[in-house]
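Thanks for making the time this morning.

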Amino acid sequence: MKTNKTDSKTKEKVETKVRTGAAVFADTINALGISYLFGHTGGAIMPMYFELNERITRKEKTPEVIMFRHEQGAGHAAEGYAKVSGRPGFVCVTSGPASTNLVTPIADAFMDSIPVIFVTGQVSSPGIGTDAFQEVPITLIVSQITKIALLIKTADEIEGALRLAHELTTTGRRGPVVIDICRDALIGNETPGNHKTPFAVKMKKTVDDFDKDSIDEMLHKFSSAKRPMLYVGGGIKVEDSQGLLREFAKKYDAPVGMTLMSLGTIDRNDRLSLGMLGIHGTVEANYSALNADYILAIGARFDDRVAVKGFGSHAKIIAHVDIDSAEIDKTRKVHYSINTSAKRFLEYALKHGPDRIESLTDWHDEIIKWRKLNPKLDDDEDKIIPQKFIKELSDLTSGGAIVATGVGQHQMWTAQYYNFKNPRDFMTSGGLGTMGCGLPAAIGAYYANKDKAILLIDGDGSFQMNIQELATVASNRIPVKMFVLNNGLWGLPMQWHEMFDRGNLFECCLDRSIECPAGCSSFKDCIKRNRNPDLVALKDVYQGIKTNRISRPEEVTAAIKEVLAHKGPYILDVEIKKESYILPIIPPRAGIEEMILEIKT
Ligand SMILES: Cc1ncc(C[n+]2csc(CCOP(=O)(O)OP(=O)(O)O)c2C)c(N)n1
Ligand SMILES: [Mg+2]
């Protein structure tokens with residue numbers, strides 16, 4: 001008897017040592033410190049969720065699982081989490097349509113360099129290549145929009161793959177990775193001692209060193225430039241280098257132009273702030289870029305919405321600091337390139353850079369003149385002017401909330417009129433321009449920071465693109481404050497049609513219905529607001545979400561205050577003036593000198 005007991009004990013001991021792939025997965029994500037898992041379930045990934053469920057039941061450590069109504073929602077939520085926290089977001093969905101539903105957030109994370117680990121289930125390995133049910137070669141589909149995409153066929157590869165994914169997302173230029181795990185790898189057992197990182201992956205090591213002579217020369221010339229300018233991109237927030245940047249700007253008395261991705265790096269009321277660069281940027285930012293004799297780009301990529309015709313055309317020197325060597329000389333040949341992180345560069349420059357040689361009074365006086373040319377806001381007192389609404393929201397939250405947007409006019413108005421205090425506070429899709437990312441990103445942000453107010457400033461079009469996530473908001477009681485700037489339009493295409501295509505607008509009208517005249521191509525004389533959908537009625541659809549609608553300017557302040565004071569989730573449907581435009585605007589293919597400051601309607 002005694003011997004038997006010992007035998008079974010020893011056996012038990014040995015058995016607990018051999019884990020399933022799903023258990024290896026769960027242990028590894030715990031070891032990596034993954035706190036939240038943004039997910040959706042289905043056949044191929046169910047063994048992983050089963051394992052987590054078992055552990056939750058046994059009260060063992062697991063990440064908190066937040067289930068979304070659509071995989072795209074889970075993907076954007078993980079991006080929102082990563083943007084606000086700086087830590088990698090973690091997504092887990094099944095195979096086939098679930099993995100293709102992630103393609104948009106993966107592309108979005110790639111374009112904006114957001115660290116997210118996307119895990120997809122895959123059919124069992126013998127089925128690969130047979131068009132098995134829900135089989136899609138996701139690693140091939142996303143190979144151009146990930147830092148790496150790996151197909152995992154055995155339990156022994158899981159730990160190595162997850163560790164590699166974690167390392168890749170958190171080093172160098174941030175970005176997404178995909179780990180596609182076959183069902184049999186999750187169900188099958190590991191072979192203890194046989195764990196491998198079986199991928200012949202030559203990890204592209206970040207070149208984190210720089211030529212000191214070159215940097216010294218470049219800084220010396222910056223110190224004597226007469227019209228210097230800093231052009232700062234999203235790379236600034238990767239290691240929270242905004243404080244260093246402010247110090248550097250002060251040291252050289254250099255004005256700072258920000259991209260959409262770096263807003264909040266410097267307060268826009270600071271005398272050194274030029275505000276936003278680009279086709280909807282400020283007059284002073286774009287005119288500085290046109291007239292500067294020295295442009296120093298830090299963590300920015302000279303993209304087509306910023307480096308338009310005229311950008312840097314009077315610059316004797318353009319210097320570029322970037323962690324990603326692939327960005328150097330990609331779209332703009334530069335005189336100096338420093339392949340390192342914004343943080344390392346700024347630390348070096350603050351320590352070793354020479355002081356400014358002459359004062360820049362003339363340059364700053366010129367900038368003050370340009371600042372005065374910015375468009376005045378619409379003085380219509382009868383309708384809610386969206387820009388004024390956002391200003392009020394910014395004032396009432398002291399620019400201190402975390403803000404997500406969709407894509408469209410409302411996004412640009414938010415960028416222009418919300419005075420962000422920190423670049424991590426703004427979650428918006430820059431490179432891909434993904435409508436529908438706002439609501440799920442706001443949900444993800446809540447898990448990154450439960451102490452700050454989370455605002456969603458959305459368009460009525462974008463809001464509907466992932467509206468199903470209101471169920472996620474309701475079930476998890478996420479106190480996101482949703483402001484839908486409702487113009488009954490896909491406003492941005494409307495503006496482009498109206499300005500550049502002789503005003504053919506019917507495909508942009510969300511108030512349009514079968515009763516409308518077939519050839520109607522203008523909303524100007526139309527007073528109809530279909531309220532389709534009726535956003536206020538959403539309170540009866542998604543329990544626990546409060547709603548309200550305003551349409552008069554005098555209602556704005558009280559309505560915002562009520563939303564901010566409310567403890568739970570709130571949707572404020574804000575009927576704004578339809579004839580509202582983003583200004584300034586640099587037309588397509590035009591240059592800085594063709595910037596339009598006023599719309600003649
Ligand atoms: C997924 C996706 N589809 C289409 C577009 C093209 N697009 C850009 S803005 C826009 C309209 C946005 O409408 P809304 O969200 O109401 O914002 P508004 O411009 O009215 O403020 C469209 C269709 C896009 N950016 N993303
Ligand atoms: Mg709209």
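**A strand covered on both faces**

Strand 4 has both of its faces covered, with Val-116, Phe-118, Thr-120 and Gln-122 on one side and Ile-117, Val-119 and Gly-121 on the other, all of them buried. Strands are DSSP runs of E of at least two residues and helices are runs of H or I of at least four, both numbered from the N terminus.

Please keep in mind that this is a predicted model, in which local features need pLDDT of at least 70 and side-chain atom pairs count only at pLDDT 80 or more, while totals for chains, interfaces and linings use all residues. Residues are numbered from 1 along each chain as its sequence is written, and chains are lettered from A and ligands numbered from 1 in the order in which they are written.

Why is strand 4 described as largely enclosed by the rest of the structure? Because 7 of the 7 residues of strand 4, which covers residues 116–122, are buried. Strand 3 (residues 89–93) runs parallel to strand 4 and is joined to it by 5 bridges, with Phe-90 opposite Ile-117. Strand 6 (residues 176–182) is also parallel to strand 4, through 7 bridges, and there Ile-181 is the bridge partner of Gly-121.

Turning to helix 8 (residues 158–169), we find Leu-162 in it, and this residue counts as buried because it has 26 C-beta neighbours inside 10 Å. Setting aside neighbours within four places in sequence, Leu-162 is in contact, meaning C-beta atoms placed from the backbone within 7 Å, with Thr-28, Ile-29, Leu-32 and Ile-179.

There is also an open sheet of 6 strands, with parallel pairing and the order 9-8-7-10-11-12, where strands pair if DSSP finds at least two bridges between them. Strand 9 (273–276) and strand 12 (336–338) are at its edges with a single partner strand each, so one side of each has no neighbour in the sheet.

Finally, the domain assignment, which is automatic or taken from a database, gives domain 1 (19–187), domain 2 (212–371) and domain 3 (386–582). The C-alpha centres of domain 1 and domain 3 lie 30 Å apart, and their contact takes 23 residues from domain 1 and 25 residues from domain 3. On the side of domain 1 that touches domain 3, helix 4 supplies the largest share, with 11 residues.

Conventions: Buried ≥ 20, exposed ≤ 12 C-beta atoms within 10 Å, placed from the backbone. Contact = placed C-beta atoms within 7 Å.
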